[in-house]
Amino acid sequence: MAGIHITDIESAINYWREQKPSPDGVTLAPEIRALAEVYALMIYYRHDEAAEKGFPQKAYEAWLGWYNTTADAPCIAICSTSQGDEECKGCGRTFEEVQYWPEMSPGEKRSTWRRITMIGTSWRFNKYAERARGE
């Protein structure tokens with residue numbers, strides 16, 4: 001089951017803070033308030049992920065508002081899974097992730113993005129000159 005990572009919730013909160021700044025330094029926009037409740041509970045219970053299924057509706061809608069501003073697929077149009085690799089050298093996704101990407105939920109996609117970003121070894125995360133030198 002996909003989880004929404006706390007760093008994504010922080011990013012969503014910051015997105016909504018830019019979109020709807022507090023008029024008085026105290027009042028929060030409804031999107032921020034909904035996300036802040038989830039964030040506070042995660043901090044209190046020391047969880048770094050919240051299940052996508054069962055996520056509070058208003059918080060999920062606010063999170064999706066941010067999510068829809070992010071890049072969908074990590075593909076850089078250099079797919080080595082089509083050549084038989086189990087993990088794409090271009091984007092870092094597994095063959096199954098590439099194949100089922102359109103069917104994945106937003107939480108599953110963000111989990112994949114988080115994993116490939118944390119690993120950071122796919123070509124999407126280095127410079128062309130490094131690739132040309134074989135680094």
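Visitor: Is R46 buried or exposed?
Guide: This is a predicted model, where local features need pLDDT of at least 70, side-chain atom pairs count only at pLDDT 80 or more, and totals for chains, interfaces and linings use all residues. Residues are numbered from 1 along each chain as its sequence is written, and side-chain values use heavy atoms, with hydrogens and water left out. Buried means under 20% relative accessible area, exposed over 50%, and partly exposed in between, with a 1.4 Å probe and protein chains only. R46 has 77% relative accessibility, so R46 counts as exposed.

Visitor: Where does R46 lie, and what is its phi?
Guide: Helices (H or I, at least four residues) and strands (E, at least two) are DSSP runs, numbered from the N terminus. R46 lies in the loop between α2 and β2. Most residues other than glycine have a negative phi. R46 is not a glycine, yet its phi is positive, at about 60°.

Visitor: What is the phi of A77?
Guide: A77 is found in the loop between α3 and α4. A77 counts as exposed because its relative accessibility is 70%. This residue is other than glycine and has a positive phi, near 65°.

Visitor: Which residues make the nonpolar surface patch of about 410 Å²?
Guide: Patches are made of residues with over 30% relative accessible area and no salt bridge; like charges are joined within 9 Å, nonpolar side chains (Val, Leu, Ile, Met, Phe, Trp, Tyr) within 5 Å. Accessible areas come from the Shrake-Rupley method with a 1.4 Å probe, and for residues only the protein chains shown count as cover. Y45 is in helix α2 (residues 30–45) and is exposed at 52%. The patch is made by L41, Y44 and Y45.

Visitor: Which element supplies the largest share of the lining of the largest pocket?
Guide: On a 1 Å grid over the protein atoms alone, a pocket is an open set of points with protein on both sides within 12 Å along at least five of seven lines, while a cavity is a set where a 1.4 Å probe fits but cannot get out; lining residues have an atom within 4 Å of a point. The largest pocket has 14 lining residues, with A34, E37, V38, P56 and A59 nearest its centre. At least two lining residues come from each of α2, β2 (49–51) and α3 (57–67). The largest share, 7 residues, comes from α2.

Visitor: What is the volume of the largest pocket?
Guide: Ala, Val, Leu, Ile, Met, Phe, Trp, Tyr, Cys and Pro count as nonpolar, Asp, Glu, Lys and Arg as charged, and the others, Gly among them, as polar. By those classes the pocket lining has 9 nonpolar, 1 polar and 4 charged residues. Grid points are joined across faces, edges and corners, and a volume is the space filled by probe spheres set on the points. The largest pocket holds about 230 Å³.

Visitor: How much space lies in the largest cavity?
Guide: The structure has 1 cavity of 30 Å³ or more. Its lining includes E87, R115 and S122. That lining divides into 2 nonpolar, 4 polar and 2 charged residues. The space in the cavity is about 40 Å³.

Visitor: R115 also meets E97 in a salt bridge; what is the N to O distance?
Guide: A salt bridge is a side-chain nitrogen of Lys or Arg within 4 Å of a carboxyl oxygen of Asp or Glu. R115 and E97 meet in one. The pair links distant parts of the chain, with R115 in helix α5 (residues 106–119) and E97 in helix α4 (residues 95–100), 18 residues apart. The N to O distance is 2.4 Å.

Visitor: How far apart are the C-alpha atoms of Y67 and D8?
Guide: Y67 is in helix α3 and is buried, with a relative accessible area of 10%. Y67 and D8 are 59 residues apart along the chain. Their C-alpha atoms are separated by 8.5 Å.
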